[in-house]
Amino acid sequence: MSELNLILLGPPGAGKGTQAERLTDDFNLPYIATGNILRAAVQEGTELGRQAQGFMTAGELVPDEVIIGVILEAVEGPAARDGFLLDGFPRSTGQADALGEGLERLERRLTAALLIDVPDEDVVRRLSGRRVSVKTGRVYHVEFDPPKHEGRCDVDGSRLVQRDDDKPETVRHRLEVYRTSTLPLVAYYEERGSLRRFDGTRSPTEVHDHIRATIATLRLEDEL
Ligand code: ADP
Ligand code: ADP
C-alpha cells in the first residue's frame with residue numbers, strides 16, 4: 001500500500017486537531033502534533049520546554065532552530081516509516097524547506113498539504129470556546145462540541161481547561177503571526193501542486209468527509 005505523508009495547514013482554531021483525531025483513526029497514521037509535543041515538553045520541564053515556553057505564552061512561533069530538529073526526528077523515526085499526519089508543522093517557509101529536504105533524503109515525498117480554511121471571526125469564536133482535557137488532550141467547544149458533563153472529559157472525566165494562549169489578546173496576535181509567517185505556505189504548496197483546500201466553516205463531520213474522500217482519491221492515483 002502506498003504511504004500517506006500528510007500535513008494539516010490552517011489558522012489556529014481551524015479544526016486541525018479535531019480532524020486529525022478522526023483521520024489518524026481512518027488511516028492508522030502516526031499523529032505528530034507540534035503544539036502537543038511542545039506543551040508536553042513545557043509540562044515535563046525539559047530543555048525543549050524551557051526554550052519554547054515564553055514564545056508559546058506570547059503567541060509567537062518557537063524559533064525554527066528549536067523546533068525543526070525535533071519534528072524531523074519524529075518524521076524520520078520508525079513509527080512514521082509508512083506515513084504520518086503532521087499538525088502544526090511547517091509554520092514557516094524555513095520549516096517547509098527543512099521538511100522537504102528531510103523527505104528527499106529519505107527518498108519520500110509529501111502526499112498532500114491539507115488546508116482547512118476559516119475566516120478570522122470564526123477563529124476567535126472557536127478559540128475562546130475551546131476547552132482541552134488536562135489528561136487526554138481531547139478538544140471540546142463549549143458551544144459547538146460540548147462534553148456530556150460540563151467541564152469534564154467524556155473519555156475519563158478529567159478536568160477541562162482553557163489554554164493560556166486561547167485568551168482573546170493572544171488569539172489576535174496568533175492570527176497576525178499566522179498571516180505573516182504561515183500563510184505564505186499556501187502559495188508554497190500550491191506551486192508544488194500539493195495543496196488541497198477544505199471549507200472549515202462546515203460541520204466537523206462534513207469537513208471530515210471531504211478530507212477523507214480527497215485522501216482516498218490521492219491514494220488511488222498514487223497506486224495507478
Ligand atoms: P493551534 O492548534 O491553536 O493552531 P498549536 O497547538 O499548534 O496551536 O500551537 C501552539 C503554540 O505552539 C503556537 O502558538 C506556537 O507558539 C507553538 N508552535 C506550534 N507549532 C509550531 C511550529 N511549527 N513552529 C513554531 N512554533 C510552533
Ligand atoms: P486547531 O487544531 O486548528 O487549532 P481545533 O481542532 O483545536 O483547531 O478546534 C478549535 C475549536 O473549534 C475547538 O474547540 C473545536 O471543538 C472547535 N471546532 C473544530 N472544528 C469545528 C467545526 N467544523 N465547527 C465548529 N467548531 C469546530
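Predicted model: local features only at pLDDT ≥ 70, side-chain atom pairs only at ≥ 80, totals over all residues.
Ligand 1 is surrounded by 19 residues, of which Arg39, Glu60, Gly88, Arg130 and Arg174 are the closest. For Arg174, an N or O atom of the side chain lies 2.5 Å from an oxygen atom of ligand 1. The corresponding distance is 2.9 Å for the side chain of Arg130, and a polar side-chain atom of Arg39 is likewise placed 2.9 Å from a ligand oxygen. On its own, ligand 1 exposes 560 Å², and the protein buries 95% of that area. Among the elements that form the shell, helix α2 (residues 34–44) contributes the most, with 4 residues.

Around ligand 2 there are 18 residues, and Gly13, Lys16, Thr18, Arg130 and Tyr140 come nearest. A polar side-chain atom of Thr18 is found 2.6 Å from an oxygen atom of ligand 2. Lys16 takes part through its backbone, a polar atom of which is 2.8 Å from an oxygen atom of the ligand. A nitrogen atom of ligand 2 lies 3.4 Å from an N or O atom in the side chain of Arg126. Of the 570 Å² of accessible area that ligand 2 has on its own, the protein covers 92%. Both α1 (16–27) and β6 (139–141) supply at least two residues each to the shell around this ligand.

Helix α7 comprises 15 residues, 168–182. At 1.5 Å a residue the helix should span 21 Å, and the distance of 20 Å between its end C-alpha atoms agrees with this. Its buried residues are Thr170, Val171, Arg174, Leu175, Val177, Tyr178 and Thr182. Viewed down the helix axis, the buried residues of α7 fall within an arc of 165°, so they line one face. The face turned away from this buried side carries Glu169 and Thr180, which are exposed. Cover for the buried residues of α7 comes from elements that include β1 (4–9), α3 (47–58), β4 (112–117), α6 (120–128), β5 (130–133) and α8 (184–191).

Thr111 is located in the loop between α5 (93–105) and β4. With a relative accessible area of 14%, Thr111 falls under the 20% limit and is therefore buried. Its side chain reaches the backbone nitrogen of Asn5 at 2.7 Å. Apart from neighbours within four places in sequence, Thr111 is in contact with Glu3, Leu4, Asn5, Leu6 and Leu218.

Most residues other than glycine have a negative phi, and most peptide bonds are trans. The peptide bond from Phe89 to Pro90 is cis, with omega near 0°. Pro90 belongs to the loop between β3 (83–87) and α5. Asn28 is not a glycine, yet has a positive phi of about 55°. This residue is situated in the loop between α1 and β2 (31–33) and, at 68% relative accessibility, counts as exposed. Glu107, also not a glycine, has a positive phi of about 55°. Glu107 lies in the loop between α5 and β4 and is exposed, with a relative accessible area of 75%.

Technical notes:
Residues numbered from 1 in each chain as written. Chains lettered and ligands numbered in written order. Heavy atoms only, no water. Expected span 1.5 Å × (residues − 1). Buried < 20%, exposed > 50% of the residue type's maximum accessible area, 1.4 Å probe, protein only. Arc of directions from axis to C-beta. Contact = heavy atoms within 4.5 Å. Near = heavy atom within 4 Å. Polar contact = N/O pair within 3.5 Å; in protein donor to acceptor, adjacent residues only side chain to side chain. Areas by Shrake-Rupley, 256 points an atom, 1.4 Å probe, with all protein chains shown as cover.
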